[in-house]
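Please keep the sequence and the model in view while reading.

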Amino acid sequence: MSSLKILLKNLGPGLLFASMAIGTSHLVLSTKAGAQYGWIMIIPIILANVLKYPFFEFGVRYTNVTKKSLIEGYLNMGRKYLWLYALITLISVFTILAALYVVTAGLLINLFKISSVNLSLTAFGLFIFISTLLIIGRYRFLEISLKLVVSVLFIALIITTILVINKGQITPVYNFQRPTVFNEVGILFLIGLVGWMPTAVEASGWVSMWSMEKLKSMKKTPSLKESLYEFNLGYILTALLAVLFLVIGCMTLYGTGAELSGNAVTFADQVVHLFTLHIGSWAYFLIAIAAFATMFSTCMTAHDAVSRVSLDVINKLYPTNTLFTKNRSFAFMVIFLALINWIVISSFGANMGTLVALATFVSFVMAPIVGWMNLKTVTGNDIKDEHKPNKTLKLLAYIGMVFLAFFSIYYCWMVLF
């Protein structure tokens with residue numbers, strides 16, 4: 001079998017990771033980074049993608065070699081580590097999905113100009129639609145559908161970026177002053193960008209669960225090399241898309257003095273309108289669809305992942321409980337998360353910042369700890385020496401932990417003091 005056929009057959013976890021990661025961190029934060037701070041922000045984006053890579057790779061590595069989830073690896077290290085991850089997952093249950101669905105609902109309202117329908121009701125419709133797709137289609141449908149969505153999105157972004165670059169960067173307004181990154185506002189934005197680029201470190205457990213589902217759907221288990229090759233392709237695609245969003249934001253918004261709104265519907269309209277500034281009004285619908293597809297795929301993958309991880313955590317903490325071991329447990333969890341997060345959206349309204357900030361603090365504080373836990377799982381007794389990460393990858397992991405620890409400590413200091 002040719003390498004291309006092997007790759008297409010093994011497409012799964014890396015593709016889902018790319019689809020999940022290119023949501024808020026890319027569409028919102030990468031665009032905003034280019035729009036407000038210009039080309040300098042390409043440095044933290046690349047650094048975050050490089051230094052976080054080992055922690056996500058370890059999830060794929062551990063599952064491929066041991067045929068166990070990363071969550072089970074935490075349990076093998078000690079029950080306290082699983083409880084720690086359970087706490088992080090609990091915060092995600094009440095925040096991350098709500099934040100993603102708010103942005104997606106805003107883009108949907110903007111796309112079809114249905115301003116008469118409120119954000120909460122639109123989000124409710126999305127919850128019903130996506131929950132139905134996940135329950136009926138399960139992992140296989142998710143994988144197949146996202147192959148199309150991510151391909152269309154990537155092509156659309158490439159075309160948009162080329163057109164934007166061809167038009168040239170917009171001339172700054174007369175009184176434009178280059179903003180500094182090194183003040184309180186700039187540092188907080190930088191920390192947010194690094195923390196969510198390409199996504200939160202605890203999502204390594206999500207990648208592990210997708211790897212488990214992929215293994216179940218295959219007659220022949222892929223080798224570690226094949227699994228890592230597929231994941232690396234998805235990871236590189238994720239990093240490239242982050243740069244493309246930065247380029248578009250920088251070329252169309254930087255220097256205009258425009259500020260992106262924290263309101264989901266207003267933000268969606270601003271982004272799509274300003275993206276077409278250099279391209280022409282004819283491209284508005286194309287960009288609106290691409291933006292909506294970006295967030296829709298992110299909602300679907302994140303909803304699937306949080307449901308699977310929540311079930312796995314509960315089953316590992318309470319193995320004698322049969323309530324969540326039956327086939328209907330996945331459907332129950334998908335619906336439960338939809339209802340909980342719709343209640344959160346109805347309570348918080350259209351303010352994205354409040355929802356994201358709630359999850360940000362816990363994610364940042366725990367990021368270096370989760371990174372260390374992932375390293376311990378792939379260097380423990382579960383994995384033979386020939387399958388453990390090499391010295392270069394382990395060194396990169398240690399550098400990444402220091403990098404994340406610095407940002408989390410500084411973030412805590414700024415928030416608490």
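Which residues are buried in helix 8? They are G186, I187, F189, L190, I191, G192, L193, V194 and G195, where buried means under 20% relative accessible area, exposed over 50% and partly exposed in between, with a 1.4 Å probe and protein chains only. This is a predicted model, in which local features need pLDDT of at least 70, side-chain atom pairs count only at pLDDT 80 or more, and totals for chains, interfaces and linings use all residues. Residues are numbered from 1 along each chain as its sequence is written, and side-chain values use heavy atoms, with hydrogens and water left out.

Helix 8 (184-195) is mostly covered, since nine of its 12 residues are buried. Helices here are DSSP runs of H or I with at least four residues, numbered from the N terminus. The end C-alpha atoms of helix 8 are 16 Å apart, which agrees with the 16 Å that its 12 residues should span at 1.5 Å a residue, the expected span being 1.5 Å times one less than the number of residues.

**Aromatic contacts**

The structure holds 20 aromatic pairs, a pair being two rings of Phe, Tyr or Trp (its six-membered ring) with centres within 6.5 Å, counted as stacked if the planes are under 30 degrees apart, as edge-to-face if over 60 and as tilted for the rest. The pair of F17 and Y235 is stacked, because the ring centres are 5.5 Å apart and the planes lie at 20°. This pair links distant parts of the chain, with F17 in helix 2 (residues 13-21) and Y235 in helix 10 (residues 224-253), 218 residues apart. One aromatic cluster is formed by F17, Y53, F56, F231 and Y235.

The table gives the relative accessible area of selected residues.

| Residue | Relative accessible area | Class |
|---|---|---|
| F17 | 0% | buried |
| Y235 | 5% | buried |
| C250 | 0% | buried |
| C299 | 0% | buried |
| S307 | 0% | buried |
| K67 | 41% | partly exposed |

**Cavities**

Rolling a probe the size of a water molecule over the atoms shows where empty space is left. On a 1 Å grid over the protein atoms alone, a cavity is a set of points where a 1.4 Å probe fits but cannot get out, and lining residues have an atom within 4 Å of a point. Three cavities of 30 Å³ or more are counted, and about 110 Å³ of space lies in the largest cavity, a volume being the space filled by probe spheres set on grid points that are joined across faces, edges and corners. The largest cavity is lined by 12 residues, of which P13, S211, K214, P222 and S227 lie nearest its centre. Helix 4 (42-66), helix 9 (204-217) and helix 10 are the elements that give two or more residues to this lining.

Most residues other than glycine have a negative phi, and most peptide bonds are trans. K67, in the loop between helix 4 and helix 5 (70-77), has a positive phi of about 65° although it is not a glycine. The peptide bond from M197 to P198 is cis, with omega near -5°, and P198 lies in the loop between helix 8 and helix 9.

S307 is found in helix 12 (residues 284-317); its C-alpha atom and that of A338, 31 residues apart along the chain, are separated by 9.9 Å.

Technical notes. 1 Å grid on protein atoms, 1.4 Å probe; cavity = no way out; pocket = protein on both sides within 12 Å on 5 of 7 lines; lining within 4 Å.
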